[in-house]
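Please read each point against the structure shown here.

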Amino acid sequence: MAKRISIAQPSIGRRELEAARRVLESGQLRAGPVTEKFEREFARLAGARFAVAVNSGTSALFLAASVLVGPGEEVIVPDFTFVATASMVLAAGARPVFADVDPRTFTLDPSDAERRITPRTRAMIPVHLYGRPAAMAPLLRLARKYRLKIIWDAAQAHGAKYQGRDVGSFPDVVCYSFYPTKNMTTGEGGMLVTSNARLARELRLMRSHGESGRYRHVRLGYNFRMTDLASALGLEQLWRLEITNRRRRQNAAALCRGLQGTRGIELPEEDPSVQHVYNSFTVRLDTSVLGMSRDEFRRRLAERGIETAVHYPRPLSRQPLFHGSGSDCPVSKQLARAVLSLPVHPALSRADLERIIRAVREVAKGN
């Protein structure tokens, strides 16, 4: 039987192992000089002035919402994304308001977002879903028009670009995740990036018990610090991010070429104004054309050794946590029934890509 092709595979090499060994031997395991260097390098490559390392992407979203949004205020969130984008708004004492996504890009629809704005709306959290930048220019115009803050969720978009500019360079704050399935990893971890000095100071205070000096606590804070051990991994991953992203884009291009014209399969669209970094290669299935359910399609691919994933099977407004949100987001509901992610990670060989293409085409034909 042929080997199984996994949906994701962290790329950990000799340099990461050596960097981790140096930190372990130093005895400096908590946040220290390696974390500070990781922050400086990440900010530099993102095109921003400041970066604040934390212990998860969820912590990054929580801190951003806690600093920029007040209790009871509303935040526009896309209905089709991972739960943390909205649940951290709730955790910060604010209210997520769900808006629909664009059927072509799967990212926040600026027109629908504007329709949801009320006098209580304070911010938006657009998501660069699957590694594709959201419609940043229209969303920035919307933010200016209504004096809203923007928290960009770039958990899946390390190194992505919008109109030639890194997504990390946009105001007000950008949140990243370093979970093992992301384009770069620290095991677990996250980063906030901003060019606002006051905001960076507040985020640093909140990340570490509100401590402005040794045992001097000036505000409520938490222990959301990143360790030097995680930062050592992150630095090595960061320095080859451009290479691994290029490989993801090449793999995505190969999949698009090989699957072009396959009945019942709608492929991701390339847009020359953005650089998609393909954290996921997500297609849309037309089950009426295929003559089978998504579950059956996945089962037949699994029989051929191809692992797949569904990102995401339920809109946020239909999650029990947000029951009663009242949102009507038809595109999000349709996508939740239709999307399927195929392997696209940098470890795939040419033979792996050919196997994925052959398997998808066979299953689509009903073989």
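**Notes on the predicted model**

1. Lys 161 stands opposite Gln 275 in β13. Two bridges join β6 to β13 in the antiparallel sense, where strands pair if DSSP finds at least two bridges between them. Helices (H or I, at least four residues) and strands (E, at least two) are DSSP runs, numbered from the N terminus. These strands belong to an open antiparallel sheet of three, in the order β7-β6-β13. Because β7 (165-166) and β13 (274-275) stand at the edges with a single partner strand each, one side of each is left without a neighbour in the sheet.

2. On the basis of the work: this is a predicted model, in which local features need pLDDT of at least 70 and side-chain atom pairs count only at pLDDT 80 or more, while totals for chains, interfaces and linings use all residues. Residues are numbered from 1 along each chain as its sequence is written, and side-chain values use heavy atoms, with hydrogens and water left out.

3. A second open sheet has seven strands in the order β1-β9-β8-β5-β4-β2-β3, with mixed pairing. Its edges are β1 (50-54) and β3 (95-99), each with a single partner strand, so one side of each is left without a neighbour in the sheet. From one strand to the next the twist averages 25°; axes are lines fitted to C-alpha atoms, for helices over the stretch in contact, and angles run from 0 to 180 degrees between N-to-C directions.

4. Strands of a sheet pair through backbone hydrogen bonds, either parallel or antiparallel. Strands β1 and β9 pair in the antiparallel sense over five bridges, and Phe 50 has Thr 194 in β9 as its bridge partner. Strand β8 (residues 173-177) is joined to strand β9 (residues 190-194) by four bridges, again antiparallel, with Gly 190 in β9 as the bridge partner of Ser 177. Strand β2 (residues 74-78), in turn, runs parallel to β3 and is joined to it by five bridges; Val 75 stands opposite Pro 96 in β3.

5. Strand β1 is mostly covered, with four of its five residues buried. Here buried means under 20% relative accessible area, exposed over 50%, and partly exposed in between (1.4 Å probe, protein chains only).

6. Arg 147, in the loop between α6 and β5, has a positive phi of about 55°; its relative accessibility is 74%, so Arg 147 counts as exposed. His 209, in the loop between α7 and β10 (211-213), has phi near 60° and is partly exposed, with a relative accessible area of 37%.

7. One joins Pro 171 and Asp 172, with omega about 5°, and Asp 172 is in the loop between β7 and β8. Another joins His 311 and Tyr 312, with omega about 20°; Tyr 312 is in the loop between α11 and α12.

8. What does Gln 156 touch? Gln 156 lies in the loop between β5 and β6 (161-162) and, at 8% relative accessibility, counts as buried. Leaving aside neighbours within four places in sequence, its contacts (heavy atoms within 4.5 Å) include His 128, Lys 182, Asn 279 and Tyr 312.

9. Met 292 is found in the loop between α10 (287-290) and α11 (294-303), and counts as buried at 10% relative accessibility. Not counting residues up to four places away in sequence, Met 292 touches Thr 287, Phe 297, Arg 300 and Val 363.

10. In helix α12 (residues 330-338), Ser 332, Leu 335, Ala 336 and Ala 338 are buried. The buried residues of α12 pack against β14 (281-285), α11 and β15 (339-342).
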